[in-house]
Amino acid sequence: MSSFVQIALAANADNAKRVLHTFTCESSLALRDPVYFDATTPNKVLKPSDNVTSGIIVGFVYQKPSDTTARVIIVGVLDGFSGLTQGSRVFLSATGGVTQTRPVSGITQCIGVACSSTEILVVPNTTRVLTP
């Protein structure tokens, strides 16, 4: 089985409820950036620049062990955000970040639910809808 497919639950207690996987990435990728798979390079993730040209969001950067390596949270709770409304959906924004306001143009993809004002339950929906 390839490393791309080998997704394992983290072993320690802090990460026991997160599904993480390590990918290669650009050095500009930062913690909590949403990411999608690079269409041309296997096992590589990219940060979206908008909600039109990116691929399907698969998770968020959880850790950066090196400039070109990212540990991505695919499912689980990620903290470090601010101003979220608990219980409301989180979408990919028109600028490639996160928003709780459904985009009025581009592609709409729900990428999680706020479980507090600072935490997102990451559960990317792979269905994307073109917003007229």
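This passage describes the fold, the packing and a few individual residues of one predicted protein model.

Residues are numbered from 1 along each chain as its sequence is written. Because the model is predicted, local features need pLDDT of at least 70 and side-chain atom pairs count only at pLDDT 80 or more, while totals for chains, interfaces and linings use all residues, and side-chain values use heavy atoms, with hydrogens and water left out.

The protein chain contains zero helices and 12 strands, where helices (H or I, at least four residues) and strands (E, at least two) are DSSP runs numbered from the N terminus. Confidence is expressed as pLDDT, the predictor's confidence in each residue, from 0 to 100. Its mean over the protein chain is 88, and 87% of the residues reach 70 or more. Among the elements, strand 4 has the highest mean pLDDT (98), whereas strand 1 (residues 8–9) has the lowest (36). Over residues 1–13 the pLDDT stays under 50, and the model has 21 contacts beyond four places in sequence for this stretch; a contact means heavy atoms within 4.5 Å.

How much of the chain is hidden from its surroundings? Of its 132 residues, 40% count as buried. Here buried means under 20% relative accessible area, exposed means over 50%, and partly exposed lies in between (1.4 Å probe, protein chains only). The protein chain exposes about 7000 Å², with carbon and sulfur atoms supplying 56% of it; these accessible areas come from the Shrake-Rupley method with a 1.4 Å probe, and for residues only the protein chains shown count as cover. Among contacts between residues at least 6 apart in sequence, 51% join residues at least 24 apart.

The interior comes next. In soluble globular proteins, nonpolar side chains tend to be buried together. A nonpolar core is a set of buried Ala, Val, Leu, Ile, Met, Phe, Trp, Tyr and Cys residues joined through side-chain atoms within 4.5 Å. The largest such core in this model has 16 residues, and those with the most contacts inside it are F60, I73, L78, F81, I120 and V122. Strand 5, strand 6, strand 7, strand 10 and strand 11 each give two or more residues to this core, and strand 5 gives the most, with three residues. Apart from this core lies another, of 10 residues, among them F23, V35, V45 and V61.

The structure holds two aromatic pairs. By definition, rings of Phe, Tyr and Trp (its six-membered ring) pair if their centres lie within 6.5 Å; planes under 30 degrees apart count as stacked, over 60 as edge-to-face and the rest as tilted. F60 lies in strand 5 (residues 57–66) and F81 in the loop between strand 6 (69–79) and strand 7 (89–92), so the pair ties together parts that are 21 residues apart in sequence. F81 is also buried, at 14% relative accessible area.

Side chains of opposite charge can pair when their charged atoms come close. A salt bridge is a side-chain nitrogen of Lys or Arg within 4 Å of a carboxyl oxygen of Asp or Glu, and the count by this rule comes to one. K44 and E26 form a salt bridge with an N to O distance of 2.5 Å. This pair links distant parts of the chain, with K44 in strand 4 (residues 44–46) and E26 in the loop between strand 2 (19–25) and strand 3 (34–37), 18 residues apart. K44 is buried, with a relative accessible area of 15%, whereas E26 is partly exposed, at 39%.

Finally, some loop residues stand out. R32, in the loop between strand 2 and strand 3, has a positive phi near 70 degrees although it is not a glycine. N43, in the loop between strand 3 and strand 4, has a positive phi of about 65 degrees and is not a glycine either. C115 sits in the loop between strand 10 (110–114) and strand 11 (119–122) and is partly exposed, at 29% relative accessibility.
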